[in-house]
Every structure is written in structure tokens, then in C-alpha cells.
Amino acid sequence: MNKRLIPTATLATALLLAATGADAAADVAHILWKDLRPAAQAVAEDASLPMIAAKLPDHGETLSLNLQDKTIQLAGYALPVDRDGDLVYQFLLVPWTGACSHMPTPPPNQIVLVTPAHPYEMKEAYEPVAITGVLQPGLEKSQLFILDGVSIIQSGYTLRKAEVASVDTVPDAVTLPVNSPWSFLNKKKN
């Protein structure tokens, strides 16, 4: 009789976990980059140069607190901070390619410091990815090693134990105009 109870208990546990997972997936807020800055903050006026911290009165340090402790999903471009070969242990998620290394740094409220739940295999810098996890606002500095030295980047949000998935496109990515000196950074569509 005990042997019959074990499969029933296992089935009940599996059903409970599946139901919990479905509820958790329903609670994920799919956000865009504009959701990370206060509604009153101006957007980029000059399309040839995306919004940069130096042009903002608060230097982009005003954060959106209405997403604190909420599970979100956001797509952007991953720039490795801590890596070993192709495995990335921490990265900056930014809204356009070239941000922080080839172009001026976005405001802190447009940068998310991401620590994946598991090392993420990344083929190239600025790979388009979607991150899912609990967002925490708070200014944090990271060292970014680039070809000509070290740069200190301030992010406005952190997302630890993030689920990371490769995506084809970033819905609200800034695409640089063809006449921009940085247009070579635009991701090519396959």
C-alpha cells in the first residue's frame, strides 16, 4: 500500500510545482528601457548621440522605484564585466550597442548590472539578450576592462540570479543613423 502512495505524492508535488511555475511566469513584467527612468526625464534630443549621463541635470541618477522587488524581463545588449573565455559571470545590460566601450556611457538609470543564475555562454560583446529576475534599484560601480584601459561604469539597477536568454532583437533599441560616426555598431539583422 505504501508503494501506491509514493507515486500519488510525487504526482501531487509535480502538479503543485507546475502550478506555482505558471503563476510565477504570469507575474513577470515585460518592461522597456523607458520604464527604468522617471517619466519626467527627457529623452535624447539628438538622434546621432543617444541620451548620455553628462547631458542630464541629475546625471541620470534618478531611478524608477516602482519596479523595486518586482520580477521583470528586459531585452538589451550584454557587455561582459566578469568572464572566463566564453563564460560570463557578470555583465552590464545596456540599451544600444557600443555603449560604455565605444561611445559615451548611458545614464545609470539605463544600465543594469546582471549576475546570471548560471554562467552565460556569450559569443560576442553586445550580444542581444533578455534578462528575467527581480530588479533592485541602487547605484553600483563596476570596472569594465576595454582595449585602451579600465573604465568605471555606474549602473542604476542590479539583477542577481538572472535567467538569461539570447534574443534576435531588442524591441526599443536605439539605432544609430547611417551618418553617425558610430553607425558601424548597429547590429546587422541576419
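Tutor: Let's start with the chain as a whole: among contacts between residues at least 6 apart in sequence, 71% join residues at least 24 apart, a contact being heavy atoms within 4.5 Å. This is a predicted model, so local features need pLDDT of at least 70 and side-chain atom pairs count only at pLDDT 80 or more, while totals for chains, interfaces and linings use all residues. Residues are numbered from 1 along each chain as its sequence is written, and side-chain values use heavy atoms, with hydrogens and water left out.

The chain has 1 helix and 7 strands; these are DSSP runs numbered from the N terminus, H or I of at least four residues for helices and E of at least two for strands. From the N terminus on, their order is α-β-β-β-β-β-β-β. Of the 190 residues, 41% count as buried, where buried means under 20% relative accessible area, exposed over 50%, and partly exposed in between (1.4 Å probe, protein chains only). The accessible surface comes to about 11,000 Å², and carbon and sulfur atoms hold 57% of that; these areas come from the Shrake-Rupley method with a 1.4 Å probe, and for residues only the protein chains shown count as cover.

Two strands count as paired if DSSP finds at least two bridges between them. Strand β6 and strand β2 (residues 71-84) pair in the antiparallel sense over 8 bridges, and T71 stands opposite V134 of β6. Strand β7 also runs antiparallel to β6, and 14 bridges join the two. One place to look for this second pairing is T132, whose bridge partner in β7 is E163.

Side chains connect β6 and β7 as well. E140 and R160 meet in a salt bridge at 3.6 Å, N to O, the term being used for a side-chain nitrogen of Lys or Arg within 4 Å of a carboxyl oxygen of Asp or Glu. E140 lies in β6 and R160 in β7 (residues 149-166), so this pair ties together parts that are 20 residues apart in sequence. Both ends are partly exposed: E140 has 27% relative accessibility and R160 has 45%. The structure holds 2 salt bridges, and the side chains of D35 and K34 also meet in one, at 3.6 Å from N to O. There, D35 is partly exposed at 27%, and K34 is partly exposed at 48%.

Now compare a few individual residues. Together with V150 and I152, F145 forms a nonpolar surface patch with about 320 Å² of accessible area. Patches take residues with over 30% relative accessible area and no salt bridge, joining like charges within 9 Å and nonpolar side chains (Val, Leu, Ile, Met, Phe, Trp, Tyr) within 5 Å. Y126 sits in the loop between β5 (120-121) and β6 and is buried, at 6%. Its phi is near 65°, a positive value in a residue other than glycine. Over in β7, K161 also has a positive phi, near 55°, but K161 is exposed at 69%.

Finally, turn to the loop between β1 and β2, where D69 is found. D69 touches V134, L135 and Q136, not counting residues up to four places away in sequence. The side chains of D69 and Q136 are joined by a polar contact of 2.4 Å; such a contact is a pair of N or O atoms within 3.5 Å, and within protein one must be able to donate a hydrogen and the other to accept it, with residues adjacent in sequence counting only if both atoms are side-chain atoms. The C-alpha atoms of D69 and L159 are 9.8 Å apart, although 90 residues separate the two along the chain. S64 lies in the loop between β1 (29-30) and β2 and is buried at 9%. Its side chain reaches the backbone oxygen of D35 at 3.4 Å. Leaving out residues up to four places away in sequence, S64 touches D35, L36, R37, P137 and Y157.
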